[in-house]
Amino acid sequence: MRSAACLLFVWLALAARAAGADALTYERDVRPIFKAHCFQCHGEDGQRKGGLDLRLKRLAEQGGDSGAAIVPGKPDESLLIERLRSGEMPPGDKKPTAEQIETIVRWTAAGAPTARPEPAELGEAPLFTEEERGFWAFQPVRRPAIPTVAHAELVSTPVDALLLIKLEAAGLSFSPEADRPTLVRRAYFDLLGLPPAPEEIEAFVADASPDAWPRLVERLLASPHYGERWGRHWLDVAGYADSEGYTDEDAPRDSAFRYRDYVLRSFNADKPFDAFIQEQLAGDEMISPPYKNLSPEAIEKLTATGFLRMSPDGTAASGVDQNVARNQVMADTLQIVCTSLLGMTVHCAQCHDHRYDPIPQVDYYRLRAVFEPALDWKQWRAPPARKVSLSTDADRETAAKIRAEAAAVDAERQKKGQEYIDRTLEEELLLVPAERRDALRAAYKTAAKERTAEQKSLLNEFPSVANISLGSLYLYDQRRDAKARQIDAERKQKEAKFVAETKGRELAQAPEAERAALEAAAAAPVEKRTPEQTALLEKHPGVLVAAATLERFNPEAAAELAADAKTAAELRATKAAADLKRYSDQAAQIRARIPPEGFVRALTETPGQASPTFVFYRGDIQQPKQQVPPGDLTVLSGATSVEIAADDAALPTTGRRLAFARHLTDGRHPLVSRVIANRVWLHHFGRGLVGTPGDFGVLGEPPTHPELLDWLADELVARGWSLKSLHRAILLSTAYRQTSRRSPQLDAVDPDNRLYARMSVRRLESEVVRDAILSISGDRQDGMYGPPVPVMEDDVGQIVIGRENLDGERKPVAAVSLGGEEYRRSVYVQVRRSRPLSMLETFDAPVMSPNCENRNFSTAASQSLVFMNSALVIESAGRFASRLEREASGERRAQVARGWLLSFGRRATPDELTAAEQFLDRQFEVLQKRLPAADAAAQRHQALATFCQALLSANAFLYVD
């Protein structure tokens with residue numbers, strides 16, 4: 001009997017607990033609905049429309065001008081429910097769902113219970129319920145105990161135990177380990193974003209040592225390509241772009257690339273992530289202004305603050321409302337900071353209290369106050385004014401000396417130019433009637449604003465004088481050329497005349513009896529002259545006079561011709577424009593030695609300038625309300641301090657951002673380490689433990705494995721905020737090494753793979769697709785860092801890689817060589833907000849508006865068309881074929897086998913090899929029929945290129961198992 005009584009007592013206790021758990025309460029079930037749909041008019045920010053306040057159950061029961069809103073136990077008599085059911089309330093299109101209305105009805109019918117006594121009064125401070133404060137994301141990170149699991153042999157790292165405990169509860173376990181080719185390809189794409197070379201695959205497959213996998217992981221983590229891959233992940237959430245956006249102008253950001261390079265270098269160096277965060281939020285406050293003669297360390301910290309300069313910024317554009325544009329920069333910057341570091345949609349509280357999360361509007365402006373001194377909308381600095389020069393005093397001194405040297409050449413040019421003007425003036429005056437020359441000269445030399453009406457009239461009469469200037473000298477040079485040609489033509493006529501006259505004179509001087517014979521001798525060809533004729537001509541050599549010998553027989557005529565030639569030569573040699581251009585070129589060559597001045601796109605504060613921050617009523621900048629101090633989210637006060645000092649007396653700036661950054665990274669903040677750890681998991685498994693990496697709030701997904709998330713977050717901090725340590729914990733786990741093969745059992749129990757009983761198949765990201773194509777074709781250039789590879793619009797409106805070269809009508813002309821830059825990795829391709837590279841856009845490149853919290857992966861027909869028609873794929877397939885011809889010694893089966901291994905990371909089966917060879921045969925036959933006269937070797941190459949294009953178009957290339 002005692003046992004039966006005990007069992008009955010236990011059953012009743014459990015039943016009571018279950019009933020209590022299922023009972024609706026105002027705080028847990030009803031208040032969130034009111035907050036989302038009703039508080040804006042009935043409770044928030046002093047609003048009491050109709051005299052009704054719904055923030056507490058007793059206030060709803062008390063009602064407003066129309067009486068009680070709810071009548072406990074009597075939903076059909078409750079005015080609030082009547083209005084909800086009719087759709088009269090709330091106003092607008094966004095209505096509670098039928099399920100939410102039914103929840104309110106059931107709650108009212110149950111007597112409208114509360115979970116606990118309500119406060120007697122509501123003050124100005126935000127009201128948070130215990131349910132809101134107890135939300136999982138706001139709790140301190142607690143390192144869980146590692147559970148004991150049934151299959152302990154499967155535990156390689158604590159990650160496995162924390163996954164297995166849930167798998168085993170569902171009757172599941174890990175899938176078998178993936179084969180080695182799959183593992184090496186998975187690791188390469190995960191850590192480097194590049195396909196492994198065949199030799200690397202074969203080496204790992206052949207390595208039988210027990211530490212082969214850990215050594216592979218370490219080798220990949222040490223690769224410089226790691227920073228390019230994982231830095232790109234961070235650039236997504238940072239909203240990285242090489243242009244300002246906001247307006248159609250979309251002005252380029254010439255120095256934004258330095259922030260990109262900072263990120264890549266930081267990941268490669270495994271910079272502790274707390275330092276990485278601190279430098280990005282407050283690198284400028286870690287060094288002292290003024291920011292001149294910067295050390296490499298100072299440059300790095302200033303460059304890091306580019307994180308806070310990534311939002312669209314139209315404040316340098318014309319025709320924009322400056323107040324709106326400036327405040328939008330602040331709003332977008334806060335959104336980037338909060339989604340990337342806090343994982344919260346704080347921006348939803350800009351105009352009113354957050355509808356779902358416990359974030360009052362005042363918290364939004366407390367966070368804004370952290371950044372207001374540097375982004376002060378009333379004392380704004382547009383992007384050009386925020387640039388920090390990288391030049392040192394020594395650089396400036398060198399530049400000044402070079403400029404002075406160039407200025408001296410400019411002065412010589414100016415002096416020479418004046419000489420040419422004076423010369424041209426005198427030449428032109430010679431064409432004017434003599435009696436008017438002096439007056440015209442005086443009119444020309446008189447300053448324009450001092451000329452009399454008569455002088456202006458005179459110059460209008462003689463425009464060839466009036467138009468003389470440095471810029472028009474080339475026109476007068478053309479006249480000098482024409483004059484020289486005229487002199488040459490006249491000189492040739494004179495020359496013929498002088499030769500004939502001299503010959504006649506010499507003939508006349510000969511004895512009359514010899515003249516006929518002398519004329520005949522002179523006319524005879526030299527080789528046919530008789531000895532007598534030769535002797536006669538030697539006696540009278542002047543008869544053979546020519547232009548070359550004219551000076552001997554007629555020196556006066558020769559002198560006149562020489563003078564004409566000299567005059568023509570002088571006219572040609574003394575052209576002003578060409579001579580002045582030599583001076584300009586010389587000055588330009590000198591100036592080219594000036595050290596280029598680089599700039600950092602940084603965020604800095606002006607010391608002593610810190611405007612107050614006000615809450616804007618309904619987000620309207622024209623309606624400021626109460627002033628607020630800087631601070632973190634109030635709801636976190638139970639887990640960490642949320643107050644931020646308004647001014648640090650030890651710093652020349654306010655120090656707010658530095659204090660905030662240290663607060664976020666002190667290891668006690670409940671959000672930051674979880675958010676970062678979740679993002680690392682996301683990029684290894686295709687989805688985060690929290691499936692909404694930018695939203696850890698109520699509308700976001702709860703973690704599938706909260707204990708694992710906390711372990712990873714704590715491990716990150718415990719390991720000195722080392723991301724590479726976190727990679728090791730994940731990649732060395734059994735869970736990561738599983739096969740991706742599905743099974744009916746897994747699909748029945750866990751179709752979405754939320755329990756991680758297998759690895760998920762993932763599509764390559766847009767940049768990785770392009771990088772892999774370049775790698776496989778052998779084109780990829782591995783130059784790191786530096787200015788971005790430019791993009792442009794081609795003839796059909798596609799955005800492609802290239803440098804624009806437009807004529808006066810903005811039509812493309814000759815292509816500009818990029819010297820191989822076009823084959824660099826995609827992380828270096830210019831990110832123009834208005835000009836996303838078409839190839840990347842097709843494969844879901846991130847849209848920075850203002851940042852990308854999580855990428856989409858679509859499947860669209862346009863992606864197949866890229867593989868069929870894009871110039872990149874077709875050209876790369878041709879070079880891929882050439883690579884196979886070089887590396888496989890011309891043997892077709894070997895070429896197919898190597899192409900397969902390069903594209904898919906595994907060896908082809910015999911059946912696949914046979915099918916591929918048959919495909920090549922058919923392609924060759926088609927080409928022979930189409931072009932029977934074409935070279936057979938060229939046709940075989942084209943057939944192989946078509947095969948290579950098919951490889952690049954296959955899902956086995958596009959997806960990672």
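Helices (H or I, at least four residues) and strands (E, at least two) are taken here as DSSP runs, numbered from the N terminus. The structure is a predicted model, in which local features need pLDDT of at least 70 and side-chain atom pairs count only at pLDDT 80 or more, while totals for chains, interfaces and linings use all residues. Residues are numbered from 1 along each chain as its sequence is written, and side-chain values use heavy atoms, with hydrogens and water left out.

The predictor's confidence in each residue is expressed as pLDDT, from 0 to 100. The protein has a mean pLDDT of 93, and 98% of its residues reach 70 or more. Over residues 1-21, by contrast, pLDDT stays under 50, and the model has one contact (heavy atoms within 4.5 Å) beyond four places in sequence for this stretch. Where pLDDT is low, the predicted coordinates should not be read in detail.

Asp363 is found in helix H16, which spans residues 361-371. Beyond its neighbours within four places in sequence, Asp363 is in contact with Asp632, Leu633, Thr634 and Val635.

Helix H16 also packs with helix H28 (residues 656-664), their axes coming within 7 Å and crossing at roughly 120°. Axes are lines fitted to C-alpha atoms, for helices over the stretch in contact, and angles run from 0 to 180 degrees between N-to-C directions. H16 and H28 are therefore oblique to each other; angles under 35 degrees count as roughly parallel, over 145 as roughly antiparallel, 65 to 115 as roughly perpendicular and the rest as oblique. Leu367, Ala369, Val370 and Phe371 of H16 make the contact with Arg656, Arg657 and Phe660 of H28.

On the H19 side, Arg436, Ala439, Leu440, Ala442, Ala443 and Tyr444 take part, meeting Gln455, Leu458, Leu459 and Glu461 in H20.

Arg260 is found in helix H12 (residues 257-268) and, at 0% relative accessibility, likewise counts as buried. A polar atom of the Arg260 side chain lies 2.9 Å from the backbone oxygen of Gly786. Apart from neighbours within four places in sequence, the residues in contact with Arg260 include Leu235, Tyr240, Tyr785, Gly786 and Val827.

Definitions and conventions
Buried < 20%, exposed > 50% of the residue type's maximum accessible area, 1.4 Å probe, protein only. Polar contact = N/O pair within 3.5 Å; in protein donor to acceptor, adjacent residues only side chain to side chain.
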